[in-house]
Amino acid sequence: MKLASLKDGRDGRLVIVSRDLSLCTAPTDIARTLQDALDRWNQLEALLRDRSDALNAGRVAEARPFDPAACASPLPRAYQWADGSAYVNHVELVRRARGAELPDSFWTDPLMYQGGSDTFLGPCDPILMADESWGIDFEAEVAVITGDVPMGATEAQAADAVRLVMLVNDVSLRGLIPAELAKGFGFFQSKPSSVFSPVAVTPDELGEAWRDGKVCRPLVSHLNGRKFGEPDAGVDMTFAFPTLIAHAAKTRPLGAGTIIGSGTVSNKQGTDHGTSIAEGGVGYSCIAEVRMIETIRDGAPATPFMRFGDRIRIEMLDAAGATIFGAIDQEVRRYEGGGS
């Protein structure tokens, strides 16, 4: 089953999307928003699946064309957004670039931060920033949406709580991160509004690509029309989603609609740092990794962060080459507003 939210008020309007992403229908008689559906998942899942089956079979008279540009993120706002760092290769590169050792605990105890979840961007919305010097970067990730998770949940309970899977662009402002981390209180200004794929899918839609709590398909990023990365999200993922969910629920319950992110997808590719697309590798899921490698190799970074007018496209294709979640497709633009 594939679900999306059309832009309509703060919480959007739930639509069921056909498997090929060509059609959609609004199940307003079942649930008006995705959050409502998640809150009552045990009662509504079968009804939503029946409607999805009818849509895919061409039996829904009110079906209409699906337009990703008309979408908000599947959850336009969420009660909780917690992003992990499941690909330790990415963390190791960050630390190596600044000459810091990777603590052994990073291989057994996941990193995680709690991000802002009140103003997610739509998948085709521009990334508005007031200053290029903030170091605008994309981060291509995978995320899951959970049902209710009890405090102290086991990994088995956490696995059972996965309701939906989607993609993420966890926009980061690299120029602001060092000063924030130096305060010892985590990210805030350096992590502006994130954005999620047009469609969120139930794990069964992924077939064999959903294995052991991981999405085992390449995550493809194009920066200004050129392929930047296609690392496999199922490779080098030190902490699978059940582990990340259980980690988040160690000291508190998680409410239905909680979003848990994987962190930047990163493959070692048989080397000590990975290889770019141009060099025959699978590339990277953020600009920071390229700059880290340039620093390690050459002593200084050369690749610039994103500038006004740059465009990032993130998507994942199935084995037949069809898009699974639709594409995150965004342009960086200057923010002309201001506070008063």
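Analyst: Rings of Phe, Tyr and Trp (its six-membered ring) form a pair if their centres lie within 6.5 Å; planes under 30 degrees apart count as stacked, over 60 as edge-to-face and the rest as tilted. By this rule the count here comes to four aromatic pairs. Before we look at them: this is a predicted model, where local features need pLDDT of at least 70, side-chain atom pairs count only at pLDDT 80 or more, and totals for chains, interfaces and linings use all residues. Residues are numbered from 1 along each chain as its sequence is written, and side-chain values use heavy atoms, with hydrogens and water left out.

User: What makes Trp-81 and Phe-196 an edge-to-face pair?

Analyst: Their centres are 5.3 Å apart, and the cut-off for a pair is within 6.5 Å. The planes stand at 85°, and an angle over 60 counts as edge-to-face. Trp-81 lies in strand S6 (residues 81-84) and Phe-196 in strand S13 (residues 195-196), so the pair ties together parts that are 115 residues apart in sequence. Helices (H or I, at least four residues) and strands (E, at least two) are DSSP runs, numbered from the N terminus.

User: Why is Trp-81 called buried?

Analyst: Buried means under 20% relative accessible area, exposed over 50%, and partly exposed in between (1.4 Å probe, protein chains only). Trp-81 has a relative accessibility of 1%, so it counts as buried. Phe-196, at 0%, is buried too.

User: How do you know that the pair of Phe-120 and Phe-196 is edge-to-face?

Analyst: The ring centres are 4.8 Å apart and the planes meet at 75°, so this pair is edge-to-face. Phe-120 sits in the loop between strand S7 (112-115) and S8, while Phe-196 is in strand S13, so parts 76 residues apart in sequence are tied together. Both Phe-120 and Phe-196 are buried.

User: What makes Lys-191 a charge over the ring of Phe-187?

Analyst: The rule asks for NZ of Lys or CZ of Arg within 6 Å of the ring centre and within 35 degrees of the ring normal. Lys-191 lies over the face of Phe-187, at 5.1 Å from the ring centre.

User: How do you know that S17 and S18 are paired strands?

Analyst: Two strands pair if DSSP finds at least two bridges between them. S17 (residues 220-223) and S18 (residues 226-229) are joined by three bridges and run antiparallel, with Leu-223 bridged to Arg-226 in S18. S17 and S18 form a hairpin with two residues between them, and Asn-224 in the turn has a positive phi of about 55°.

User: Which other pairings does S17 or S20 make?

Analyst: S17 pairs with S20 (residues 311-315) in the antiparallel sense over four bridges, and here Leu-223 stands opposite Ile-312. S20 is joined to S21 by four bridges, again antiparallel, with Glu-331 as the bridge partner of Arg-311.

User: Why are S8 and S18 described as edge strands?

Analyst: The open sheet of five strands has the order S8-S21-S20-S17-S18, with mixed pairing. S8 (127-129) and S18 each have a single partner strand, so one side of each is left without a neighbour in the sheet.

User: What makes the set around Val-142 and Met-316 a nonpolar core?

Analyst: A nonpolar core is a set of buried Ala, Val, Leu, Ile, Met, Phe, Trp, Tyr and Cys residues joined through side-chain atoms within 4.5 Å. The largest one has 69 residues, and Val-142 and Met-316 have the most contacts inside it. Apart from it lies another core, of 29 residues, among them Ile-30, Ala-37, Ala-54 and Val-60.

User: Why is Leu-21 called buried, and why is Asp-212 called exposed?

Analyst: Leu-21 has a relative accessible area of 12%, so it is buried, whereas Asp-212 reaches 72% and therefore counts as exposed. Leu-21 lies in the loop between S2 (13-17) and S3 (23-25), and Asp-212 in the loop between S15 (210-211) and S16 (214-215). Leu-21 has a positive phi near 65°, and Asp-212 a positive phi of about 55°. Most residues other than glycine have a negative phi.
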